[in-house]
Amino acid sequence: MQKTVSLPFMLLGILFNVCLVASNLLETKVIQLGPITATAGLIVFPISYIINDCIAEVWGFKKARLIIWSGFARLAITLPAAPFWEGEESFNFIFGLAPRIAIASLLAFLPGSFLNAYIMSKMKVATQGKYFSLRAILSTIAGESADSLLFFPLAFGGLIPVQALLVMIATQALLKSLYEVIILPVTIRVVKYIKKIDQTDVYDKDISYNIIKIKDL
């Protein structure tokens, strides 16, 4: 299998990580949209799942696994600052990342993203590459639901009433999945275009889904 990195893959990988960083900047703010309570990360975070779908569809689970782990590099944000560094307060102010929220985001990100890529991969083989729209929607619903189920209790448990927390979990998963449905026509066109110019359409047959096999490309 070709191991070179194509330009479309590199650009999507960069955009994936930009979306993750941006969503973390916004995730600490709880917003009210009429009767709906959500976090501001809702604006950006679903794009990472759309990109995840594109990468898993075009280049397969192995490349999606690599990109997902690259997003985990955000862990550097939570590392303690050197005692002599005086910019910690300003850094935390700019990124808005309380340690609890940062850790919750990272712990929820991995299962949600890997579940999304796994379902896309398995369903592509099972359907022989057909029904991309259905596969993208179902994988996103599963991934976003897993992410929300982990993130909100870890980040806001004890700070927000349980009933409100449950509503936020359901609302966030639903809205993020709806986001995928609305943008789906664009996603389909992007996937077709990338497959055409990159001459790539991977089917994950006889591969390992072990998430730590990063070198297995």
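Which residues does Ile68 touch, not counting residues up to four places away in sequence? Ile68 touches Phe16, Asn52, Phe109, Leu110, Ser113, Phe114 and Ala117, where contact means heavy atoms within 4.5 Å. This is a predicted model, in which local features need pLDDT of at least 70 and side-chain atom pairs count only at pLDDT 80 or more, while totals for chains, interfaces and linings use all residues. Residues are numbered from 1 along each chain as its sequence is written, and side-chain values use heavy atoms, with hydrogens and water left out.

**Fold**
- The protein has seven helices and two strands, counted as DSSP runs (H or I of at least four residues for helices, E of at least two for strands) and numbered from the N terminus.
- From the N terminus on, the order of these elements is α-β-β-α-α-α-α-α-α.

- Buried here means under 20% relative accessible area (1.4 Å probe, protein chains only), and 44% of the 217 residues count as buried.

**Packing of helix 2 and helix 5**
- The axes of helix 2 (residues 45-59) and helix 5 (residues 99-126), which are lines fitted to C-alpha atoms over the stretch in contact, come within 9 Å and cross at roughly 35°.
- The contact involves residues including Tyr49 and Asn52 of helix 2 and Ser113 and Ala117 of helix 5.

Definitions and conventions:
Axes are lines fitted to C-alpha atoms, for helices over the stretch in contact, and angles run from 0 to 180 degrees between N-to-C directions. Buried means under 20% relative accessible area, exposed over 50%, partly exposed in between (1.4 Å probe, protein chains only).
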